[in-house]
Amino acid sequence: MFSCDKFSKDDAKNLNVINLAFIGDAVYSLFVRENILSNGELKANDLNKLASSVVCAEAQSAYVKKLVPLMTEDEADIYKRARNAKKGTR
C-alpha cells in the first residue's frame, strides 16, 4: 500500500498539483510546528492557534511572495502551475 521510494525530480514535475499541495502542506506544517516547539513550551491550545495562524492560506500567500524571487526556474514553474489549481473542497 505505501512505499518508501522517493519521487524523482521528473516525477515531482509531473505530479498533479493538488497531490503535490497535499504533501507540501504536510511538510510545511511539520516545519512550522518544529520551529514553534524549538522556541519554548506552550499549552497545546496555544500551539495549535500559533501553528494555524502560520500555516493558513493567507499567511502562506504572504510568505511565498517573499520566496518567489529566490526560486529556481523549475521551482517557479511548479509554483505558477500550482497557484492556479482549483480543488473542489476547502
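Analyst: A contact means heavy atoms within 4.5 Å. Helices are DSSP runs of H or I of at least four residues, and strands are runs of E of at least two, numbered from the N terminus. This is a predicted model, in which local features need pLDDT of at least 70 and side-chain atom pairs count only at pLDDT 80 or more, while totals for chains, interfaces and linings use all residues. Residues are numbered from 1 along each chain as its sequence is written, and side-chain values use heavy atoms, with hydrogens and water left out.

User: Against which elements do the buried residues of α2 pack?

Analyst: They pack against α3 (44-55), α4 (57-67) and α5 (73-83).

User: Which residues of α2 are buried, and how are they arranged?

Analyst: Buried means under 20% relative accessible area, exposed over 50%, and partly exposed in between (1.4 Å probe, protein chains only). In α2 the buried residues are V17, Y28, S29, V32 and I36. Viewed down the helix axis, they fall within an arc of 110°, so they line one face; the arc is that of the directions from the axis to the C-beta atoms. On the other side, F22, V27, F31, E34, L37 and S38 are exposed.

User: What is found at the N-terminal end of α2, and what just after the helix?

Analyst: N16 caps the N-terminal end, with a side-chain oxygen 2.7 Å from the backbone nitrogen of I18. Just after α2, G40 adopts a positive phi of about 125°.

User: Where is confidence lowest, and where highest?

Analyst: pLDDT is the predictor's confidence in each residue, from 0 to 100. Confidence is lowest in α1 (residues 9-14), at a mean of 77, and highest in α4, at 90.

Terms used
Polar contact = N/O pair within 3.5 Å; in protein donor to acceptor, adjacent residues only side chain to side chain.
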